[in-house]
Structures are given as structure tokens and as C-alpha cells.
Amino acid sequence: MRIGERVSGDHTAASRPTGSQSASRATVQESPAPTPSWPRRLQATVLAYIALTKPRVIELLLVATIPVMLQADRGHVDLAVIACTLLGGWLGAASANTLNMVVDADIDKKMKRTARRPLARRAVAPRSALIFGIVLWAASFAVLWLAANLLSALLVSATIIFYVGVYTMILKRRTWQNVVWGGAAGCMPTLVGWAAVTGSLSWQPIVLFGVIFFWTPPHTWALAMRYKEDYKAAGVPMLPVIATEERVTRQMVIYTWLTVLCSLVLIPATSWIYAAVAILAGAWFASRVHILYRDTRRGAEVAPLKIFLQSNEYLAILFCGLAIDAVIGLQTIADYF
């Protein structure tokens, strides 16, 4: 029996399918889309696992780690130690980001900004992602322990535990101060870099830790202002979700000034190069945030995403200035007194 024929009765012209019916049924009978070839499937899988590590976020690792390592050994550049530390730090950051996505898979599905992440679109199974994150963690510890020292390896492990266990699992969904305290995880490259070179810690990496610690809230809140509805839909109490824009930008001004002031504390251990960069870049960044606050108070239309991008530029300029200062190795300001 052909499709379209009646089970009983004469096969008259009335019972024959019309041209439009034939076209419609032909459409139904179209063959399914061909299965992607194994090279394409392999490529998609590899890209999904790379996406788990949040490659763009790891840029902060490079910005923070290299200048600190150069400052720890002013006037010298040990490329081997820098390369190994960056590899170990990258593996650790990749592990933290992967495990973060495992925990946040449920809310990532609800946010437009994160809906295309591998676990949200089921490109990677949660169990596979969990194993991948743990393997990266182990590799990070091994590389840093063997190529640098145990202290740097332990610091990276502490970063992963804090970021996933404290920030992602406890703070993120419970308090608007999530990025204030949770941001400490992003500051750890300063301590790791210094420890990898010296085998110890001192006041200088702690100051640089403070710079990134105070920088994180205005940087993150600027992005959250842009994607406020996303966070609201996911039930994440970011400050822009629960407070007025005026209050948010006022807090951004406070934390920006704390960032700039903290960066100036390092001046005695550097030369005039870093001092000039810290003062000028700090004044520029603070003025940008003040303008945002002023416009918000006036009820004008604002573009917080610009502040997000400018905050990245500020941090890059500051730490690049530190790197140049350390490599040139001029007499430090403290040496004049």
C-alpha cells in the first residue's frame, strides 16, 4: 500500500494526493541530516573542552604573574622558571574554571551570556567535565612542584579550593558580596608568581594581591550592570540586581580608589617608571569611574560595559609598567632614603 491511499473504498481521483499534498508528504519523507564526520565530531569535542577552561579569563594570569615574577628578581629574567610557572598556573586556572562550570551548569542554562557554555548546551557530560577538571588540578600541582617549589603548588591548590568551594558553592548564590570576597581567588597569581621565584612570600606580592582584590568589584559590577537581567533570571544576587545604579556606581568609586591607593604602596620598591605609570593610570581609571557615577546620579544613559573594558586596560597598563620597571632594574625609590 502506498502512502496516501485509503484502507478501503475505490481509488478514485478524489482519493489521489494533490500536488501540494504530495510536496508536503515528500518533505516529511526527506532523509535526516547527515551525521557529522568523525574529524568534525573530534574538533567539536576538543573545542568544547577548551571552552571549559575559559581561555579568555586566563589572560589575567599572564597579566598578574609575569610582572610579579620579574619584580621578585629585579634586573633578571629567567625564562625557564617563568614558562613553567605559567604552565602550572594555566593548568590550575583551567581546572578551577572547569570545576566552576560543573557546579554552575544549572544557572548557566538560564543566562543568555552563558547559555552556550559546553555543559549548558550538553556538549560535554558533567562527569567527564569533573574528571577533566581534577586531572588538570593534578597536572598543575605536579608541574609547579617539580619545576618551581611546593609552596607555589600549594598556593594554586588553595586557589582552586577557594574559588570552587567557597565562591562558587557558597558565596555566589547567597550574598551580593560574592565578588568582593570571592575575588580573592583571582588575586592568587601574584602570590604564586612570587613564591615560584623566591620560595617564600613578602609584603610586595601581598600589596599586588590587594590591588587585584580591590579592582575586582568595580570590574565585575560593571559587567553585571550590563547583564543584570541575566543574573536576576538565574537568581544570583549580584549588587546591580539588588541595588540601584547610583548605589552600585558609588561602591565602584570607593573600590576604585582603594585599588589606586593600594597600587601606590608599592612605589618604594620600584623606580620612577612604575611610580609614574601607577599615578597616571590610576588617575585615568578613577576619572572614568567618577564620570559613570556622575552620569548615573543625573539619570543620564550610561555604558557600564566601557568601564569593564577600561578596567582591563588599567590593570594591564599598571602591571606592564611594573614589568618594564623590574626588567630595567633602576634604583628603587626606597634606596634614595
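## Basis of the description

Because the model is predicted, local features are taken only where pLDDT is at least 70 and side-chain atom pairs only at pLDDT 80 or more, while totals for chains, interfaces and linings use all residues. Residues are numbered from 1 along each chain as its sequence is written, and side-chain values use heavy atoms, with hydrogens and water left out.

## The chain as a whole

The protein chain holds 15 helices and 0 strands, where helices (H or I, at least four residues) and strands (E, at least two) are DSSP runs numbered from the N terminus. Of its 337 residues, 45% count as buried; buried means under 20% relative accessible area, exposed means over 50%, and partly exposed lies in between (1.4 Å probe, protein chains only).

Among contacts (heavy atoms within 4.5 Å) between residues at least 6 apart in sequence, 75% join residues at least 24 apart.

## Aromatic pairs

Rings of Phe, Tyr and Trp (its six-membered ring) pair if their centres lie within 6.5 Å, and the pair is stacked with planes under 30 degrees apart, edge-to-face over 60 and tilted otherwise. By this rule there are 9 aromatic pairs.

Phe 209 counts as buried at 19% relative accessibility, as does Phe 213 at 13%. Ring pairs also link Trp 181, Phe 209, Phe 213 and Phe 214 into a cluster.

## Charges over Tyr 227

A charge sits over a ring if NZ of Lys or CZ of Arg is within 6 Å of the ring centre and within 35 degrees of the ring normal. Arg 113 lies over the face of Tyr 227 at 5.7 Å from the ring centre, and the charged end of Arg 226 sits over the ring of Tyr 227 at 4.9 Å from its centre.

## Helix 15

Helix 15 (residues 304–328) has 25 residues and reaches 36 Å from its first C-alpha to its last, close to the expected 36 Å, a span defined as 1.5 Å times one less than the number of residues. Gly 329, with a positive phi near 70°, follows helix 15.
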